[in-house]
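Visitor: I am new to this structure and would like to be guided through it step by step. Could we look at it together, one place at a time?

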Amino acid sequence: MYRFIDNTESRKEKRLVWAATRSVLENVGFLRNKNGKKSKSHWNVFLHLLKVFAFLLKISGYYRKGYGNAKNIKVTRLTLEFANLPPAFQGFRILHLSDLHIDSIPGFASIISEKIKNLGFDICFLTGDYRRDISGSFQHILKPFRILSKYIQAPYGTFAVLGNHDTFLMARYEKESGLDLLVNESVEIVKDGQTILVTGTDDPFNFYTEQSILSLETRGYKFKIALVHTSELAKVAAANGYSLYLCGHTHGGQICLKEGFPLISHQFEGKQFNHGLWETGKMKGYTSSGVGVSGMPVRFNCPAEVTLITLETG
Ligand SMILES: [Fe+2]
């Protein structure tokens, strides 16, 4: 079972403040990360370059191959050991899905569902980016999300954070989508009388606020997991005693020269955060290469993944 650490009234109040702040950030002429304001213009340049690149792929015949790669999702299985894991959580299984971009490929919800339907897991975490575009309507993703929804239900809950492609307006559909959104919020997961804490923040890549930092300052828990769209808050989480940090955003590069060598990763924290396991202080982290694609629906040398993580006492 799970329970939010704030009571319903307090959560409602915090949500209203968050929604007001996020709506302003989504509609002003700049974006905001932990270093301050940043321009929106780089994204438009990137989209123009993508069009040229897509044209070159099409005339060279590689586009079809990349499209096939994008639909071929692998299952990554990891076992992570922690000395401070409460014994009741020995063998606890996490399904981590990031960057679904569920509208990027026709029928993608069914492809993902097929991949995960026989995976056993205790809890499911989604670390942001549910639609392809970064603005505009998202109503068209609700139907595919409903298809996926029944396959991501887990005994200890399904929790999601928002990414830089998402809007605060999605929050009103969380229950309908069969999940709980964590926007600078924490839940206690209780198993056999023992508790771990899961904190989810709002996206720090484009919509950073100090509330995301504050939400990572919760004390009094032996084992804490942070869910953030990007790796940008890893140092903060590690300094606040988090043991595990799950993120995505990079798509592992999506298009790599060879595995692990992305053309673009959209992150500036260091190449160890591009994809896979990493450590910051005593905290372990994992950057998913993502389930879906953005920009154009192709992947090269960088498979899409769903990640099944088993926690063990070490
Ligand atoms: Fe993404």
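Visitor: Which residues does glutamate 185 touch, not counting residues up to four places away in sequence?
Guide: Please keep in mind that this is a predicted model. Glutamate 185 is found in strand E9, and with neighbours up to four places away in sequence left out, the residues that glutamate 185 touches are Arg11, Arg15, Val198, Thr199, Gly200 and Ser215.

Visitor: Is glutamate 185 buried or exposed?
Guide: A polar atom of the side chain of glutamate 185 lies 2.8 Å from the backbone nitrogen of valine 183. Buried means a relative accessible area under 20%, and because the relative accessibility of glutamate 185 is 6%, glutamate 185 counts as buried.

Visitor: Which residues are the protein donors of the iron ion?
Guide: The donor residues are spaced in sequence as D-x1-H-x27-D-x121-H, and their donor atoms lie 2.1 to 2.3 Å from the iron ion. Through OD atoms of the aspartates and NE2 atoms of the histidines, the donors are Asp99, His101, Asp129 and His251.

Visitor: What is the arrangement of the four donor atoms around the iron ion?
Guide: To count as tetrahedral, four donors need all angles between 85 and 135 degrees. Because the four donor atoms here subtend angles of 86 to 174°, the arrangement is irregular.

Visitor: Which element gives the largest share of the largest nonpolar core?
Guide: This core has 39 residues, of which Leu95, Leu97, Leu100, Leu126 and Tyr130 touch the most other members. Among the elements that give two or more residues to the core are helix H1 (8–27), strand E5 (93–97), helix H4 (108–116) and strand E15 (304–313). With four residues, the largest share comes from H4.

Visitor: How many residues are in the second, separate core?
Guide: In soluble globular proteins, nonpolar side chains tend to be buried together. The second core here, which is separate and includes Phe4, Ile225, Leu227 and Tyr286, has 27 residues.

Visitor: In which sense do strand E13 and strand E14 pair?
Guide: E13 (residues 276–280) and E14 (residues 283–287) form a hairpin with two residues between them, and glycine 281 in the turn has a positive phi of about 60°. Leucine 277 stands opposite tyrosine 286 in E14, and threonine 280 has methionine 283 as its bridge partner in E14. Over five bridges, the sense of the pairing is antiparallel.

Visitor: How many bridges join E12 to E14?
Guide: E14 is mostly covered, with four of its five residues buried. E12 and E14 run parallel, and the number of bridges that join them is four.

Visitor: What is the relative accessible area of glutamine 254?
Guide: Glutamine 254 lies in the loop between strand E12 (244–247) and E13, and although glutamine 254 is not a glycine, its phi is positive, at about 70°. Glutamine 254 is buried, and its relative accessible area is 6%.

Visitor: Is aspartate 192 buried or exposed?
Guide: Aspartate 192 has a positive phi, near 50°, and is placed in the loop between strand E9 (185–191) and strand E10 (194–200). Exposed means over 50% relative accessible area, and because the value for aspartate 192 is 65%, aspartate 192 is exposed.

Technical notes. Residues are numbered from 1 along each chain as its sequence is written. This is a predicted model: local features need pLDDT of at least 70, side-chain atom pairs count only at pLDDT 80 or more; totals for chains, interfaces and linings use all residues. Side-chain values use heavy atoms; hydrogens and water are left out. Two strands pair if DSSP finds at least two bridges between them. Buried means under 20% relative accessible area, exposed over 50%, partly exposed in between (1.4 Å probe, protein chains only). A nonpolar core is a set of buried Ala, Val, Leu, Ile, Met, Phe, Trp, Tyr and Cys residues joined through side-chain atoms within 4.5 Å. Donors are N, O and S atoms within 2.8 Å of the metal (3.2 Å for Na, K and Ca); water is not among the atoms, so sites may look incomplete. Four donors count as tetrahedral if all angles lie between 85 and 135 degrees; four count as square planar and six as octahedral if opposite donors are over 155 degrees apart and all others between 65 and 115; anything else is irregular. A polar contact is a pair of N or O atoms within 3.5 Å; within protein, one must be able to donate a hydrogen and the other to accept it, and residues adjacent in sequence count only if both atoms are side-chain atoms. Contact means heavy atoms within 4.5 Å.
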